[in-house]
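Let's walk through this model together, one neighbourhood at a time. Keep the viewer open as you read.

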Amino acid sequence: MVGRYDVAIVGGGLIGLATARALVLHGVRSLVVLEAEDRLAAHQSGHNSGVIHSGLYYRPGSLKARMCTSGREAMYRFCEAEGIPYRRSGKLVVATAEREIPVLRELERRGRANGLEGLEYIGRERFRELEPEVDGIAALWVREAGIVDYVRVAEALARIVRESGGEIRTGARVHAVRRRQGGLDIITGSGDISASLLVNCAGLHSDRVARLCGTDPGVRIVPFRGEYHELVGAARGLIRNPIYPVPDPALPFLGVHFTPTIDGRVEVGPNAVLAWKREGYRHRDVSLRDVAEVLGYGGFWRLARKYWRSGVAEFARSLSKERLVRELQRLVPRVQAADLVPGKSGVRAQAVDAQGKLVDDFVIVHGERSVHVLNAPSPAATASLSIGAHIAQEVLTHLPPGVASPRPATAVS
């Protein structure tokens, strides 16, 4: 063994780093974060839209709703304390057809149930004051939403962990986990370590890490690529704040939307298409292992039978800029094909159960000497500080006396 630790956290994204921060603030010093890539926040944490979500969409009482509501304000406080640029911009969710009004009203109900205070149901005249280029018949104005660069957040979390005595290793992909009396031996690409407890925040590979630990994840990660474009030139001036369509309530995706970034760009998207590799950021990225796992999973085929029409529409929009433009013009008619250039892509680690259900809520499963975060899609970045604090509290109950010196809950919020 090249190191012995009380806690090993697998995954150097926002949730892994937020969990590490919460633990070191509780006095845990014998801790290591194991990141497979050569940098932190390499996947979902560094490839998202940068939105600080309000908590509008999520079923009241769900873990998502509770973590997003508390995590949103914790994120604003963290950015303020760390000097990370952010903007509490608000966002507009726009109905463009009468059939969308009942869903918009349901979102309003959920938002109020989740404690949103700056929420307004507004008509065309009012939302055109906020966003003159937007078309539609009604909208929700959500004041609590904002934007930030989550890579900057991850860097600040990592600095705190290191300064507090924790260790972070990159290039440390986990290949095997072996149980032994009193702990675990973890075989990684940067050497073998032992730990009393493992926390799995591996995102795209979280189900695989769970199985390495001897834990049945109960779900399979199916990767969906989100493809973005950017507005260029004068078209950037068409958008002031994030603008979203009314989402399809049957799917966990929010639809193609407009998002100003903290550095002055405007991203549009994403399309949501099946990726043929768990890190498949391009059409040509293919992993035979990943393809075989998806196509060999009964839950995927049950999912495909339910939503094949949506899948075909997303794929067509991915291949056709004209289709994407028509979708965007439902919200902002003045957007033209010449205003768009290809942007970044991200891959969403979506958990699918054996019945073919797209798992909607966050999923945290306990194994022997292990805790596994098995579904943490959007709004996980927004909620990361709260999720990290939640996991840390569970970890602390399984550590030997004297390992940590608990501090007030405000220290980790």
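**Salt bridges across the chain**

Asp360 is partly exposed, with a relative accessibility of 37%; here buried means under 20% relative accessible area, exposed over 50%, and partly exposed in between (1.4 Å probe, protein chains only). Before going further, please note that this is a predicted model, where local features need pLDDT of at least 70, side-chain atom pairs count only at pLDDT 80 or more, and totals for chains, interfaces and linings use all residues. Residues are numbered from 1 along each chain as its sequence is written, and side-chain values use heavy atoms, with hydrogens and water left out.

Asp360 forms a salt bridge with Lys64, and their closest N and O atoms are 3.5 Å apart. A salt bridge here is a side-chain nitrogen of Lys or Arg within 4 Å of a carboxyl oxygen of Asp or Glu. Lys64, at 3% relative accessibility, is buried. Another salt bridge joins Glu133 to Arg334, with 3.0 Å between the closest N and O atoms. Glu133 sits in the loop between helix H4 (124–130) and strand E7 (138–142), and Arg334 in the loop between helix H9 (321–329) and E17, so this pair ties together parts 201 residues apart in sequence. Helices (H or I, at least four residues) and strands (E, at least two) are DSSP runs, numbered from the N terminus. Arg334 is exposed, at 54% relative accessibility.

Now turn to Arg180 and Asp185, whose salt bridge has its closest N and O atoms 2.8 Å apart. Arg180 is partly exposed at 32%, whereas Asp185 is buried at 17%. Elsewhere, salt bridges that share partners connect Asp207, Arg208, Arg211, Arg278, Arg289, Asp290 and Glu293 in one network. In total, the structure holds 35 salt bridges.

Next, find Ser370 in strand E19 (residues 370–375). Is Ser370 buried or exposed? Ser370 is buried, at a relative accessible area of 3%. Leaving aside residues up to four places away in sequence, Ser370 touches Leu197, Leu198, Cys213, Thr215 and Val365, where contact means heavy atoms within 4.5 Å. The C-alpha atoms of Ser370 and Ala210 are separated by 8.5 Å, although these residues are 160 residues apart along the chain.

Finally, look at the open sheet of three strands, ordered E3-E8-E4 with antiparallel pairing. Two strands pair if DSSP finds at least two bridges between them. Strands E3 (51–52) and E4 (86–87) are the edges, each pairing on one side only. Tyr86 stands opposite Val148 in E8.
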